[in-house]
Amino acid sequence: MKKALFISLFFFTCLLTFAQPAKKTINAVPVSSSPKIDGVLDDAIWQSAPVATDFVQRIPYNGKPAIFTSYIRFAYDNSGLYVGAQMLDPYPDSIPAQMGLRDSPSLNADYFIVVLSPFNDGINAFCFLVYVSDVQADFKIPNSVSSEGDDFTWDAVWQSKARKNDKGWVVEMKIPYSAIRFPKKPVQEWGLNCQRSIRRFREIDTWNLVDSKVSGYTNQCGVLQGIQDIKPPLRLSLSPYLSSYLENSPGENAYQLSYNYGADLKYGINQSFTLDMTLIPDFGQVRSDDKIYNFSPFEIRYDERRQFFTEGTELFNKGGIFYSRRIGNQSKGYNNVYSTLGENEKVTENPVQTKLLNATKISGRTTGGLGIGVFNAISGNTWATVLDTITGETRRFLTQGFTNYNMIVLDQNLKNNSYFDLLNTNYFMPTEGYTANVSGTTFKFANKKYTYAFTGDGFVSQKYYSHGSPDFGYRYSLGYGKISGNFLFSLQQLLETDRYDPNDMGFNPVNNRFINSLSMQYNIYDPFWKVLNWYNYARIDYNCLYDGLKFTSLLIHAESNTTTPKYLTLGANTDIQPIPSHDYYEPRVDGWMFVSPAYGNMAVWISSDYRKKFAIDLTLVGSLAPTYKSSGFAFSVEPRYRISDRIFLLYQFYYEKILNDVGYVMDSSDADNNTVILFGRRDRNIVTNVIEANFMVTSNMSIDLRARHYWVRAPYYSFFQLQRDGSLATSVYTGDQDVNYNLFNIDLSYIWNFAPGSQLSLMWKNAINTFDNDVENNFFHDFGNTLNSPSSNSFSIRILYYLDALYFKKKTKGRG
């Protein structure tokens, strides 16, 4: 009887899960006189336009009515969409209103978001967020399943004003058509949702229900109707910049003065397609990377922070074949010049980065849902300068010749929030007679209820040389799983040949692999017992080489996290390798393998309530690998303190210690020309300290400080020679391979967004990078030595001004 009751309840739950309510609709009304964007809803249109209301909770009680009422109205003209929103709150003085930088994703402040999906495809959306503190943020949802953690790098030029009143708080927005893309047809029907945060209750409400058990966010939007017969104005803007730098290099007292100028151009080809171009770009004020010392055989991926390469690139960020940091990065022959030096020669100049001349993007989507993206960038010749210290003569050495980077994407939206893509990248360096080409597809096919999906991709890489045979490689991945509900699962398979290489324009740190995996999740989205939710995930991977299907590893991962009603978030995860792995990458020589011991690690973490002035995140990790008596632990502490709504402080401390860690040291050949690969036993110690401070002078003006010190200390105790069977034998090698590495960075900036799309910025960047074999045991002594080491400094000022052709057109008409 109990079993039958349980089965009945299970099927009833499934029925509730997949029975989707009808989508809400709201009409936008035409307006002949544009409402003033001042945060006061006194324009006539806001008294007569239809109202979107009856919000429901997304978090914490999914589907329940919102505790406070919201009234949202929409109007439009030929220039853009207008939004007037009144968020009722009986205690306006209690609304938290922390200030922060534009695009801050998590201020302690109430916010309101308008989510627009002009093609109503259930996949892509533009999101416009305004905090009660009058701080703007905008982001995109590109082919993703959630509105959280999305592409905040996208920036549009739009207007908004937020302010409190006696009823709660108000937002007014103008979203110009130049900020979005929409189909060319007389009657528009856009996907729409509105989201409101009531921060002091940690409640998030949406106009159209976003069911936590259903995968996706954009596919759960309502509908905005009423926009018709619009005649969008010319979409053309120019953002010229002028910058100046005063810089020195490590060990040099003399400063060099330089200046740059260039521009960004944006042109709306039509309502759906836009051309973006940057001419002689300047990225000198981009925040410093959080670089680390690399003990592994794999390349480390660093985030892209250059604005042109983060905006509007969602079509290109598919399949791992486009990594924009390849463009304008370190020249391919940067180190080659040093092998050409004569007895009396030295390198006096060797640019770290290639000179990017221009970059262009064309992107958009047709009425039929076909997304088209074309990207092209050009870098010029990059030269190193070599000086003969006896004669004084100089010569130039080409470290990278003219290079063209190109990518084309076709992205077809399909029914049921599915898609199918065709992609191609082409890297061309004529001075070397070299071309690299990658072509392929990615896809997702979901069923009508959006409960199951089949996903995958396939790519072919080709390298062509003027002298020599071409190289070919390929990869594919296939997946099938349940994507909605409490219980989720996924079966995945990935294969990459040993010749697959997309790294001229993409990022793929390792190939020659065949992976089969099974993952499962069980999530409880609604409050129960003494928690608000509970998320559980487990995955098992069986890994082989593509070459001969040789076993490499068996990995098990599991994690769980929950949040209490006091908004204390707790979590734990574990990684287990139950049997020794066969590591074909760590030896760094083809055909060799290292038998890496079985291991296990576990981490626990806790995060306190960010609504409080003081909050803290704590993490503790422990690991054990018995074969080499290797063990380790790590912990991090991240306290944050909000002094006021204008001043915020954050400190991050991380410490890691791994005892008896065994890894690659070097390889060479002996007298008989046999390969000798040395491994070493070492203790790895890593200490990271980060201090961040933000002072908001106004909602458009800020002063920001970020300082980071990263220290690695790795003394070696013994050495081994790798054997053909993957084991280690004691070596007589006694060389000094100890590591003592320090990296110290300061980024101090002043930013003033003095007009929409326009900015004045001043920045000081300081960098110190040291490496030696003298291991220092005292942190403060090591830190002092680091600060006394030669440093590089950069003082810069940059002004960017946004020029809209529509503004000048109106001025001309006014004079006429």
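Which residue in β15 stands opposite serine 244? I looked this up in the model, which is predicted, and found tyrosine 259 in that position.

**Entry 1: β14, β15 and β16.** I then followed the strands around this pair. Strand β14 covers residues 236-248 and strand β15 covers residues 256-268; the two run antiparallel and are joined by twelve bridges. On to strand β16, residues 273-279: I counted six bridges between β15 and β16, again in the antiparallel sense. Alanine 263 has leucine 279 in β16 as its bridge partner.

**Entry 2: the five-stranded sheet.** I traced an open sheet with the strand order β2-β4-β5-β10-β9 and noted that its pairing is mixed. Its edges are β2 (29-30) and β9 (159-165); each has a single partner strand, so one side of each is left without a neighbour in the sheet. Within this sheet I examined β4 (residues 70-76) and β5 (residues 80-88), which pair in the antiparallel sense over seven bridges. Serine 70 faces methionine 87 of β5 across this pairing.

**Entry 3: the three-stranded sheet.** Here I recorded an open, antiparallel sheet in the order β17-β20-β21. The edge strands β17 (345-349) and β21 (394-400) each pair on one side only. Neighbouring strands in this sheet are turned by 35 degrees against each other on average, direction ignored. Four bridges link β17 to β20 (residues 382-388) in the antiparallel sense, and lysine 346 stands opposite leucine 387 in β20.

**Entry 4: the nonpolar cores.** Which residues touch the most other members of the largest nonpolar core? I found Ile72, Phe74, Phe112, Phe128 and Met173, in a core of 58 residues. The elements that give two or more residues to this core are β4, β5, β6 (111-117), β7 (125-131), β8 (136-141), β10 (168-176) and β11 (190-198). Of these, β7 gives the most, with seven residues.

I next listed the contacts of phenylalanine 112, leaving out residues up to four places away in sequence. Among them are Ile72, Val83, Ala85 and Met87, as well as Phe128, Leu129 and Val130. Trp169, Val171 and Met173 also touch phenylalanine 112, as do Cys194 and Gln195.

Notes. Residues are numbered from 1 along each chain as its sequence is written. This is a predicted model: local features need pLDDT of at least 70, side-chain atom pairs count only at pLDDT 80 or more; totals for chains, interfaces and linings use all residues. Side-chain values use heavy atoms; hydrogens and water are left out. Two strands pair if DSSP finds at least two bridges between them. Axes are lines fitted to C-alpha atoms, for helices over the stretch in contact, and angles run from 0 to 180 degrees between N-to-C directions. A nonpolar core is a set of buried Ala, Val, Leu, Ile, Met, Phe, Trp, Tyr and Cys residues joined through side-chain atoms within 4.5 Å. Buried means under 20% relative accessible area, exposed over 50%, partly exposed in between (1.4 Å probe, protein chains only). Contact means heavy atoms within 4.5 Å.
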